[in-house]
Amino acid sequence: MLFRPERRFKDTRELLRNYLGFLRTKDPMTIVYVSGPISKSNGHSVEENIRKLNTYAVLLDDSEMFDIVIDPSAVGDLEAMGHSREDALHCWCSLLASGKVGVIAMVPGWLMSQGACEEFLTAKKHDLRIIYL
């Protein structure tokens, strides 16, 4: 099942907390978070980066290796919605540190994204399985 959060960031955080909280007995190894550049930091447009993240999320979902695929790009451009990168990064890193997600999938170009690098470090710190796409 591809997890597409709602558009409003506050609602997204609440939805993540409620939905993943409901799955407490679920094996975290069946939940994957897709990480990669979203902002223009890698020389591509925000729209291109979102499309790329979404494409990889769909491929992971189609693989049926995971019960839930969390695609942060489904939220859209948070800065354009008036939220800071720090707020978004805090939300996603908190999710990765929660113990509810067991796998992080790193999209090509992730090294050029400060946010993806921070998510990677959070995943390493909390012993998540890391896959490189």
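This text leads the reader through three residues of a predicted model, namely Ser 35, Glu 64 and Asp 127.

The account begins with Ser 35, which belongs to strand β2, a strand that covers residues 31–35. Ser 35 counts as buried because its relative accessibility is 0%, and the cut-off for buried is under 20% relative accessible area. Its surroundings can be listed by name. When residues up to four places away in sequence are left aside, Ser 35 touches Leu 53, Ile 104, Ala 105, Met 106, Val 107, Trp 110, Ala 116 and Glu 119. Glu 119, one of these residues, also takes part in a polar contact: the side chain of Ser 35 and the side chain of Glu 119 are paired in this way at 2.5 Å.

The account now turns to backbone geometry. Most residues other than glycine have a negative phi. Glu 64, however, has a phi near 60 degrees, a positive value in a residue other than glycine. This residue, Glu 64, is placed in the loop between α2 (46–63) and β3 (68–70). Glu 64 counts as exposed because its relative accessibility is 70%, and exposed requires a value over 50%.

A positive phi is also found at Asp 127, where the angle is near 55 degrees, and this residue too is other than glycine. Asp 127 is located in the loop that runs between α4 (114–125) and β5 (129–132). With a relative accessible area of 69%, Asp 127 is therefore exposed.

Technical notes:
Residues are numbered from 1 along each chain as its sequence is written. This is a predicted model: local features need pLDDT of at least 70, side-chain atom pairs count only at pLDDT 80 or more; totals for chains, interfaces and linings use all residues. Side-chain values use heavy atoms; hydrogens and water are left out. Helices (H or I, at least four residues) and strands (E, at least two) are DSSP runs, numbered from the N terminus. Buried means under 20% relative accessible area, exposed over 50%, partly exposed in between (1.4 Å probe, protein chains only). A polar contact is a pair of N or O atoms within 3.5 Å; within protein, one must be able to donate a hydrogen and the other to accept it, and residues adjacent in sequence count only if both atoms are side-chain atoms. Contact means heavy atoms within 4.5 Å.
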